[in-house]
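Me: Could you walk me through a structure while I have it open? I'd like to ask things as they come up.
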Amino acid sequence: MSTHTAQSLGQRTRSCATGLVCHRCENSYPLEQSIFACPDCGKGLDVVYDYELAARHFSEVPSAERPHNIWHFEELLPIVDASAQARVGQHSGYTPLIRADRLGAELGLSNLFLKDDSSNRPSLSYKDRVVSMSVARLLERGETEIGCVSTGNVGTAVASLAAKAGVDAYVFYPNALENTKARACMALGAKVCQVEGNYDEANRRCREVAETTGMDFANITLRPFYAEGAKTAAFEIVEQLDWQSPDHIITAAAGGTLSSRLHKGLVELQLLGLSETDATRIHIAQPSGCNPIATAIVAEEAEIHAVTPETAAHSLAIGNPGDGYLVIDAVRKRGGTGGFASDPEIFAGIDLLAATEGLLTEPAGGTTIAVLEKLAAAGRFAPDDTVVAIITGNGLKTLDDHPPKPWPAKVDCELDAMLAALSELKRGGTLVDSAREQLHF
Ligand SMILES: [Zn+2]
């Protein structure tokens with residue numbers, strides 16, 4: 001990649017991270033310390049940076065000379081060991097920002113963009129960003145095993161990025177797993193354990209497994225580092241818009257990592273003088289069957305009430321979101337909102353995105369599109385506002401979970417029969433094999 005990325009053994013990256021600080025009591029801890037929650041109050045820890053130094057580093061290396069990957073903004077990322085950084089995420093991040101003119105026309109938005117993390121590498125979801133940070137941190141610590149608790153996409157990201165880094169991966173899934181994602185983890189060489197419990201129960205127990213065994217978990221013990229990866233989506237969106245921060249960003253929310261760190265990323269860009277980001281609103285989308293954060297936002301409550309998830313959007317089925325309070329803070333400070341969509345609306349959102357923009361997303365992306373549609377209809381956006389919707393995952397991984405559609409009937413491989421079939425399709429008809437109506441797509 002770039003000559004400006006330090007990659008040889010023993011070298012330090014340009015990271016300007018200075019330590020870890022508690023979200024609540026603001027106690028601080030050294031960056032090197034293996035710690036993921038505040039010993040005093042139990043809240044999560046955040047990475048803090050020397051922003052004056054970061055601003056100087058930024059001006060020294062122009063964007064064009066920086067690698068187009070997850071490390072493009074390495075000053076504002078927490079990895080300091082260049083050899084660890086060089087082994088992870090070299091092809092992650094820097095996903096396309098796509099002008100969505102056809103979907104925009106449907107919704108009455110003339111400046112709609114899609115941040116397409118359904119094409120993120122290597123595992124086709126936004127989780128490649130966060131897990132890259134976890135695996136790099138693990139290598140920095142000299143460890144060779146990594147665990148995770150996952151509703152699907154974290155697992156495939158851990159399996160894939162760990163394999164590339166030569167690290168053994170252990171993936172714990174709750175009971176409502178998406179089959180294709182679990183099979184993908186195994187195909188990538190990870191050891192998979194399905195746990196009889198929902199995500200929140202599995203998450204609690206995995207924390208105990210981590211504490212008992214000392215094995216690092218990508219999204220538990222490495223969480224302060226993991227979360228930092230999510231900021232890169234905000235950095236890229238603003239740079240891809242030529243440093244003009246959008247009026248609105250909308251994304252699906254599960255645990256709340258992405259939406260809360262979009263806020264942090266926007267704040268940091270402004271601190272570095274790279275863009276005026278204060279006016280950018282952040283909106284979050286959740287399924288009606290698991291919407292604790294959106295409910296609190298809409299009701300203007302400070303407290304999140306945990307729910308038992310019941311939704312086809314399995315990757316959003318987190319009823320007790322760890323970073324939910326940070327999301328509420330981010331959305332309120334930015335004047336955004338929360339919305340939710342039923343399962344049928346989510347699948348209609350998937351179909352609308354596919355039909356207008358040729359992108360196949362999973363139910364999380366369908367949730368974002370469904371809520372985007374509702375907010376547009378409610379007049380939350382001016383027609384010429386710049387709106388960015390983040391498509392967080394790929395629909396190829398969830399096809400088995402989409403509602404069944406009729407299996408096309410077989411016609412003879414013969415000109416007249418095929419012309420007749422084509423005429424029928426052009427008239428809007430379908431060729432249904434009534435004996436086989438279980439095709440999922
Ligand atoms: Zn604390």
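Me: Before that, what kind of model is it, and how are residues numbered?
Reply: It is a predicted model, in which local features need pLDDT of at least 70 and side-chain atom pairs count only at pLDDT 80 or more, while totals for chains, interfaces and linings use all residues. Residues are numbered from 1 along each chain as its sequence is written.

Me: How do H4 and H8 cross?
Reply: The axes of helix H4 (residues 127-140) and helix H8 (residues 223-240) come within 7 Å and cross at roughly 140 degrees. H4 and H8 are therefore oblique to each other, a class left for angles that are not under 35 degrees (roughly parallel), over 145 (roughly antiparallel) or 65 to 115 (roughly perpendicular).

Me: Which residues of H4 make the contact?
Reply: On H4 they are Arg129, Val130, Val131, Ser132, Met133, Ser134 and Arg137, where contact means C-beta atoms, placed from the backbone, within 7 Å.

Me: New topic: threonine 221, buried or exposed?
Reply: Threonine 221 counts as buried because it has 25 C-beta neighbours inside 10 Å, the cut-off for buried being 20 or more and for exposed 12 or fewer.

Me: Where is it, and what does threonine 221 touch?
Reply: Threonine 221 sits in the loop between strand E9 (216-217) and H8, and it touches Phe36, Ala210 and Asp216, not counting residues up to four places away in sequence.

Me: And which domains is the protein divided into?
Reply: The protein is divided into domain 1 (97-123 + 228-400) and domain 2 (404-440), with bounds from an automatic or database domain assignment.

Methods:
Axes are lines fitted to C-alpha atoms, for helices over the stretch in contact, and angles run from 0 to 180 degrees between N-to-C directions. Helices (H or I, at least four residues) and strands (E, at least two) are DSSP runs, numbered from the N terminus. Two residues are in contact if their C-beta atoms, placed from the backbone, lie within 7 Å.
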